[in-house]
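User: I would like to know what stands behind the terms used for this structure. Please set each value against its cut-off.

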Amino acid sequence: MLLLVSFFAFQETLTGRITHVCTDSDQGDYFVKGTTTEANEELEDSCEKDTLLEYFCGKTGPQVKVYLCPQGCEKGACKKGAQE
């Protein structure tokens, strides 16, 4: 069972209204495929060859970080070292 851990980038402004709620299921872990969600938009981590597109919650909403996986990328996450 996957434990969904989330965090909030912004909760309330000084006026008390909610301006931005964003969650990231993998908390930026390159070795776990995650989903970043804001409102009705879901962005899944993905691979382009050995490069990971890691979505995360920034100050203004979902953002993406491009990361070159040393052992390659597969199914939205970096591979963990060589299997023995």
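Analyst: The answers below take the terms one at a time. This is a predicted model, in which local features need pLDDT of at least 70 and side-chain atom pairs count only at pLDDT 80 or more, while totals for chains, interfaces and linings use all residues. Residues are numbered from 1 along each chain as its sequence is written, and side-chain values use heavy atoms, with hydrogens and water left out.

User: Why is Tyr30 called buried?

Analyst: Buried means under 20% relative accessible area, exposed over 50%, and partly exposed in between (1.4 Å probe, protein chains only). Tyr30 has 18% relative accessibility, so Tyr30 counts as buried. Tyr67, with a relative accessible area of 24%, is partly exposed.

User: What makes the pair Tyr30 and Tyr67 stacked?

Analyst: Rings of Phe, Tyr and Trp (its six-membered ring) pair if their centres lie within 6.5 Å; planes under 30 degrees apart count as stacked, over 60 as edge-to-face and the rest as tilted. By this rule there is 1 aromatic pair. The ring centres of Tyr30 and Tyr67 are 3.9 Å apart and the planes stand at 15°, so the pair is stacked. Tyr30 sits in the loop between S1 and strand S2 (35-38) and Tyr67 in strand S6 (residues 61-68), 37 residues apart. Strands (E, at least two residues) are DSSP runs, numbered from the N terminus.

User: Which residues form the largest nonpolar core?

Analyst: The largest nonpolar core has 5 residues: Tyr30, Leu52, Cys69, Cys73 and Cys78. The term covers buried Ala, Val, Leu, Ile, Met, Phe, Trp, Tyr and Cys residues joined through side-chain atoms within 4.5 Å.

User: What makes Glu44 and Lys33 a salt bridge?

Analyst: A salt bridge is a side-chain nitrogen of Lys or Arg within 4 Å of a carboxyl oxygen of Asp or Glu. The closest N and O atoms of Glu44 and Lys33 are 3.4 Å apart, and the pair forms a salt bridge. Glu44 lies in strand S3 (residues 41-44) and Lys33 in the loop between S1 and S2, so the pair ties together parts 11 residues apart in sequence. The whole structure has 1 salt bridge.

User: How far is the nearest side chain of opposite charge from Asp24 and from Asp26?

Analyst: Lys and Arg count as positive and Asp and Glu as negative; His and the chain ends are not counted. For Asp24, which is buried and has no salt bridge, that side chain is Lys65, 11 Å away. Asp26 is also buried without a salt bridge, and Lys33 is 10 Å away.

Technical notes: Helix = DSSP H or I, 4+ residues; strand = E, 2+ residues; numbered from the N terminus.
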